Amino acid sequence: MFAKADLVLLHAPSVYDFRKLPILFGPISDLVPSTPIFEMYPIGFSSLAEHLERNGIRVRIINLALRMLKDKNFDAEKRIARLKPRAFGIDLHWLPHAHGSLEVAALCKKHHPEIPVIFGGYSSSYFHEELIQYPQVDFILRGDSTEEPLRQLLLSLRDKKSLKDIPNLTWKGADGSVRVNPLTHVLTDLNEYLNNYPNLFRSALRYLDVRSLIPIHDWWEYPITAVMTCRGCTHNCAICGGSRYALSNSYARGVSAYRSPEKVAGDILSIAGYTNAPIFVVGDLRQAGDSYASAVLSGLKAARPRNPVVLELFTPAPESYFQEVAEALPNFNFEISPESHDENVRRASGKFYGNEAMENSIRFALDQGCSKFDVFFMIGIPRQTSGSVMETIDYCGHLLKTFGRRLNPFISPLAPFLDPGSIAFENAEEVGYRVFYKTLEDYRRALLAPSWKYTLSYETRWMTREEIVDSTYEAGLRLNRLKREHGLVSGETAEKTEKRILLAQEMIREIDAILCDPEPGRAAKLQALKKTFAQASMATVCDKDEIKWPVLRWRLNFPKIIRALFESRPS
Ligand code: SF4
């Protein structure tokens, strides 16, 4: 139908000029696989690409963020100038991309004023009325189900047809006026779509550009993959932009959509054929009911894939669940996010289980052979004070003493932004938040602040911005020492982490002092510290290896991947 690369999907770094600007990004990405520029593109790219390819539209993904991160000489502007697709697609899913994605869009427009620029993702959807006013933005597809609306948009643009019936579309008419089509396309069945790894591998070969498709900086050494089970969530955590409240209020999703248990099991087994690296199953399997979880697990029982499989727990689970998991998966891992040790604080953040129930779950899981159980705590939640954060670290000590080294506690700040659309964002006063930034432009500018203390978009009735930053580093220091004591990290690793935290604390003070200096001179002083900021922003409060699951040798099975490329060619 089309010539090659009809659509180029571009993933921008969070701050476009991150290689030049002196910014202390802080520990904002310590607990995710990305670096602080968030080079990992949304998993939605792969389902968009797969759906369009299946319908004869050729898609190329270019992870500009990763290319810029890996190669200091990589010229993103030159690369964009050389591309000639029929349309550009840019994700603005996570709000920390507010700067980079708009800069990349501006470069697309500068070199190709005639090529449409299409935005998508949660943040694009939330701020669509403001985003469409930027001259570099032509279209926004809203909501979490844009595969089919995007196909319709691309065909209508090609055939010069009316756009008024394309669902979920925000656009500019010929007279420049903004049109907002209803957000009516919301998937309730995920069986047709979702990520398709052979399709990504095929795309890499077609454009002879594997490097632009890699999702994270160390993917070759650690090719972690994800399996999506659902869109939407049945829970209502106060700070979450993906909660039931946020999705129904801002993105028209009334109910969660699930992939069938057979397909989820099939996805896991299919990935296990290509790699023995960890597989992260996104979404608690029990969200759709115990029988759904049982059906997924029984679909895995016969094959028992050897990969480390990571499962999420949104609430504590009974012993029988862990027994079922152990029967299906020889190498299973869990994670849970109680946010605080204090049940009142936890309740204020929208989680209603007690410590006893959570510890029972941990015990059941470990008794059944769970390899690693990660427990995530957070700083910056309602009703939490600095003192409460330190008590959370004491509680981590209790967990480590009780459960030993297979339990791994983490703590990180809610940063840099409170999720737009979340209960806390929409009802800030009531929940106890003071939100500094409201518009997309506010967020875009905030990303250029010299330290994450000033990028941080909120403070709470119980903790100032300064206290959130200070508690983060103090908690990081104390948790690191605890982990060393309990043998979770080596003496050498703990020492390096301690040094990074102390350096980051020093840089926070230094930046505050520089900001009191008069201009000119401020910029030069900040620039002189750029290298040190980079050292103090990467894996600050814990080592990146701590969030990983061990990978066996032969991480990718290339003969199998090549066979899959031929077996699953789109017709
Ligand atoms: S944080 Fe809460 S609301 Fe958000 S996805 Fe997780 S369980 Fe659902």
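Predicted model: local features only at pLDDT ≥ 70, side-chain atom pairs only at ≥ 80, totals over all residues.

Author: For helix 1, which covers residues 44–54, and helix 7, which covers residues 147–159, the angle is about 50° and the axes are 9 Å apart. Helix 1 and helix 7 are therefore oblique to each other, and helix 1 passes helix 7 in a right-handed crossing.

Consider next helix 15 (residues 386–403) and helix 20 (residues 465–485), whose axes are 9 Å apart and meet at an angle of about 20°. Since angles under 35 degrees count as roughly parallel, helix 15 and helix 20 are therefore described as roughly parallel to each other. The crossing in which helix 15 passes helix 20 is right-handed. From helix 15 the contact takes in Ser 386, Val 389, Met 390, Ile 393, Asp 394, Cys 396, Gly 397 and Leu 400, and these meet Glu 467, Ser 471, Glu 474, Ala 475, Arg 478, Leu 479 and Leu 482 of helix 20. In the contact of helix 15 with helix 20, eight residues are nonpolar, three are polar and four are charged.

A further pair is formed by helix 11 (residues 290–301) and helix 12 (residues 319–328), which pack with their axes 8 Å apart and at an angle of about 25°. That angle makes helix 11 roughly parallel to helix 12, and the crossing of helix 11 and helix 12 is left-handed. Here Ala 293, Ser 294, Leu 297, Leu 300 and Lys 301 of helix 11 make the contact together with Tyr 321, Glu 324, Val 325, Glu 327 and Ala 328 of helix 12. The residues of the contact between helix 11 and helix 12 divide into six nonpolar, one polar and three charged.

These pairs belong to a chain that has 24 helices and 17 strands. The radius of gyration of the chain is 23 Å, close to the 25 Å that the globule rule gives for 571 residues, so the chain is as compact as a globular protein of that length. Along the principal axes, the C-alpha atoms of the chain fill a box of roughly 70 × 65 × 45 Å.

The loops between such elements also deserve a careful look. Most residues other than glycine have a negative phi, and most peptide bonds are trans. Phe 38, in the loop between strand 1 (7–11) and helix 1, has a positive phi, near 50°. The peptide bond from Ala 415 to Pro 416 is cis, with omega near 0°, and Pro 416 lies in the loop between strand 15 (407–413) and helix 16 (423–426). Glu 519 and Pro 520 are likewise joined by a cis peptide bond, with omega about -10°, and Pro 520 is placed in the loop between helix 21 (491–516) and helix 22 (522–528).

Finally, there is the ligand, which is surrounded by Cys 233, His 235, Cys 237, Cys 240, Ser 243 and Phe 314. The shell around the ligand has four nonpolar residues, two polar residues and no charged residues.

Note on methods: Residues numbered from 1 in each chain as written. Heavy atoms only, no water. Axes fitted to C-alpha atoms, helices over the stretch in contact; angles between N-to-C directions. Helix = DSSP H or I, 4+ residues; strand = E, 2+ residues; numbered from the N terminus. Parallel < 35°, antiparallel > 145°, perpendicular 65-115°, else oblique. Left-handed = near helix turned anticlockwise from the far one by under 90°. Contact = heavy atoms within 4.5 Å. Nonpolar A, V, L, I, M, F, W, Y, C, P; charged D, E, K, R; others polar. Near = heavy atom within 4 Å. Rg over C-alpha atoms; globule rule 2.2 N^0.38 Å.
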